[in-house]
Amino acid sequence: MRRALGAIIVATALGSGCVAPRTLTRSAEIDAASDVAFRAAAATLLDDRQVFDLSDGDAGLVAGGPPSSVYGASERTTFWVTPIETERSFVIVQVHHVGYESAEALDRRLDWLLGRLRQRCILGGDVAPFDQDDQDDDAGGAPEPGGPP
Amino acid sequence: MRTSRIWAQLTAVAVAAMLCVGCTTDTRYSQPQLDALQTRELDVPADRAYAGVIGALLEQRYQIAESDMDGGLLVATSTSGDAWAGYYRSMVQIAVQSTGASSSSVRISTSWGGQTRVDKEKIAHLHERIDVHVHTPVTDLVWEPGP
């Protein structure tokens, strides 16, 4: 009985360590004007089935999160788009995650978000339809522009 | 009998410790002292200062909750802790104002645990980072994934 109780306490302590908040940031230069990149960032959040909770077009800020929390996990994605030249922008994406995703999975997620944003900048509405499995199965980075879903 | 006395002593110590914690008060600042702590003048226009504030907040892993560039107001939160120890949420409110064609002021207010509390170290550190961000091209800064 004591051993079982001890095991439960240790497992709970270890498990709770996995739900510490983590905030990851990634940046990229995009060959698009800042207004185009900003709209692409907003479209990326919509493609990812997120709900906006912040939008400030003047500042180039847009953020959102999933409509509901799953098993106490929560996540928020923020894009900041800033112009560096007339047809060139600098994009920073931040993912704040409270849950059980591994660091590798969050890295892949950042890659996917920036890859999708690039696609949206290049292809606009002609981007391939998004499938949740597409993101989950994508083991290494951004989807190919115009590639299969 | 002896055990109950030990328990009574332990309880008294615990109650005294809790009372002491409850009695802790924040330093009271006069308005000029608060202004000196919270506000910094920058030698850049307000739009550049605003961009510097966003950059510094993202770099310091804040989540930007509200932003109104026209009004020069930003609200950002930071969460620490874990499920076992509990989550602690702190908040910063930042006001950016134009003070001239090429000058602006940035005021930072901090709060923690649902109360406005002056966190001198946090305010000073954020001002330092904002200063770096307004004077460095965004492409020259390091934006690496966090741990």
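Strands here are DSSP runs of E at least two residues long, numbered from the N terminus. In this predicted model, strand β5 of chain A covers residues 88-98, and A:H96 is found in it. With a relative accessibility of 8%, A:H96 falls under the 20% cut-off and so counts as buried. Setting aside neighbours within four places in sequence, A:H96 touches residues of its own chain, including A:P21, A:T23 and A:S74, but also B:Q63 and B:T79. With B:Q63 there is a side-chain polar contact of 3.1 Å.

That brings in the wider meeting of the two chains. The size of an interface is often given as the accessible area lost when the parts come together. Between chain B and chain A, that area is about 2,400 Å², with 66% of it coming from carbon and sulfur atoms. On the chain B side, B:L58, B:W84 and B:W143 account for 23% of what the chain buries against chain A, more than any other three residues. As for polar links, seven residue pairs are in polar contact across the two chains, both residues at pLDDT 80 or more, while the count of salt bridges between them is zero.

Salt bridges do turn up elsewhere. Side chains of opposite charge can pair when their charged atoms come close. Over all chains, the count comes to 11 salt bridges. One of them joins A:R88 and A:E29 at 2.9 Å, N to O. A:R88 sits in strand β5 and A:E29 in strand β1 (residues 22-30), so this pair ties together parts of chain A that are 59 residues apart in sequence. A:R88, at 21% relative accessibility, counts as partly exposed, and A:E29, at 33%, does too.

Another salt bridge links A:D47 and A:R116, again with 2.9 Å between the closest N and O atoms. Here helix α2 (residues 34-47) holds A:D47 and helix α3 (residues 103-123) holds A:R116, so the tied parts lie 69 residues apart in sequence. Both A:D47 and A:R116 are buried.

Terms used
Residues are numbered from 1 along each chain as its sequence is written. Chains are lettered from A and ligands numbered from 1 in the order in which they are written. This is a predicted model: local features need pLDDT of at least 70, side-chain atom pairs count only at pLDDT 80 or more; totals for chains, interfaces and linings use all residues. Side-chain values use heavy atoms; hydrogens and water are left out. Buried area is the accessible area (1.4 Å probe) that two parts lose on being put together, summed over both. A salt bridge is a side-chain nitrogen of Lys or Arg within 4 Å of a carboxyl oxygen of Asp or Glu. A polar contact is a pair of N or O atoms within 3.5 Å; within protein, one must be able to donate a hydrogen and the other to accept it, and residues adjacent in sequence count only if both atoms are side-chain atoms. Helices (H or I, at least four residues) and strands (E, at least two) are DSSP runs, numbered from the N terminus. Buried means under 20% relative accessible area, exposed over 50%, partly exposed in between (1.4 Å probe, protein chains only). Contact means heavy atoms within 4.5 Å.
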